[in-house]
Amino acid sequence: MEETYLLNVEGVKKKILHGGQGELPKFQDGSKITFHFQTLKDDFERTVIDDSREAGIPMEIIVGKMFKLEIWETLLSSMRAGEVAEFWCDAIHTGMYALVSRGMRRIAEGRDPLEGQKHRCGMGNMFDYHSTGYDDLDELQRTPQPLIFIMELFRVEEPSAYKRDTWAMSKEEKLAAVPVLHSEGNRLVLRKEFAQAAAKYQEAVICLRNLQAKEKPWEDGWLKLESLVTPLVLNYCQCQLELGEYYEVLEHTTELLQKHNDNAKAYFKRAKAHAAVWNEREAREDFLRVAHLDPSMAAAVKKELKQLGERMRKKHVEDRKRYQGLFQPPQG
């Protein structure tokens, strides 16, 4: 089936390549659309720019959540489940494609899509950074042009039919999710399922960090959210200590202490991580700071320092034996 339609949107044409099934889905705010897409240049060769099938994972967007390429929501909202359609879009609709594609490619490569960006709107970032890191996208950024999108719609799920990703939640939903995630993490810790517990704490922190990004640092709203973040980060670090991820603990406790340099629990967890990776001087400094900040932890600090001394003495003996063996002349 190949019929060309106008979607009553200036600069858009649609051609159905394969008909879908059933009625047109309800595309209400919060619905999740799952689809594959292919992006082509409108040239003689129909040069392929992106193809989600190469990554092996379908694309997902949430209706009403201001996806940077707004025209995609319009295109998909004209489709039925199982439909494959080709859309020609004029340059007035494709100016943001380079930035959107850059983020999608970074995700497919396992990289942070926001790496290196300042906290500004998307258009501001395009002016700040003259290169996307991809030659073909740089060309699109310099010379906006019509593009062709071939889309296959898999399904449309109502908001209540799927677990909402953190980024798709409203402010109220994020705040409501945090205590639930915190409680689930604590329950998993009691069952010694530390990896799963860490994931719950991390998800709660992401909810709060997303909200903090909309507040002015160190003002009341930001500080209130930070007071919720701190215990979650400490719980996450405790799980990482149990899992032996000591450098992860060092990273997160150090970041926490840069903001809150009087947090004895953060120093204590960082000290334990330093001790585990044989950073004796740093571990001792952090343990002593814990005892100074919180005298009630002095007994725990004394015990840790004793264990650290014993471990270091044992290590020195083992190292001496190993090095002596290296420099002894061969027998015979």
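Student: How many helices and strands does the chain have?
Tutor: The chain has 13 helices and seven strands, taken as DSSP runs numbered from the N terminus, with helices being H or I of at least four residues and strands E of at least two. This is a predicted model, where local features need pLDDT of at least 70, side-chain atom pairs count only at pLDDT 80 or more, and totals for chains, interfaces and linings use all residues. Residues are numbered from 1 along each chain as its sequence is written, and side-chain values use heavy atoms, with hydrogens and water left out.

Student: OK, and what share of the residues counts as buried?
Tutor: Of the 332 residues, 40% count as buried. Buried is under 20% relative accessible area, exposed is over 50%, and partly exposed is in between, using a 1.4 Å probe and protein chains only.

Student: Switching to α11 and α12. How do their axes cross?
Tutor: The axes of α11 (residues 264-276) and α12 (residues 280-293) come within 8 Å and cross at roughly 155 degrees. Axes here are lines fitted to C-alpha atoms, for helices over the stretch in contact, and angles run from 0 to 180 degrees between N-to-C directions. The two helices are therefore roughly antiparallel to each other; that label is for angles over 145 degrees, with under 35 roughly parallel, 65 to 115 roughly perpendicular and the rest oblique.

Student: Which residues make that contact?
Tutor: On the α11 side, they include Y267, F268 and R270, and on the α12 side, D286, F287 and R289 are among them. Contact means heavy atoms within 4.5 Å.

Student: Now α9. What should it span, and what is the distance between its end C-alpha atoms?
Tutor: At 1.5 Å a residue, the 24 residues of α9 (residues 220-243) should span 34 Å, and the end C-alpha atoms are 35 Å apart, which agrees. The expected span is 1.5 Å times one less than the number of residues.

Student: What follows α9?
Tutor: G244 does, and its phi is positive, near 80 degrees.

Student: And T230, buried or exposed?
Tutor: T230, which is found in α9, counts as buried because its relative accessibility is 11%. Leaving aside neighbours within four places in sequence, T230 is in contact with L256, H260 and N263.
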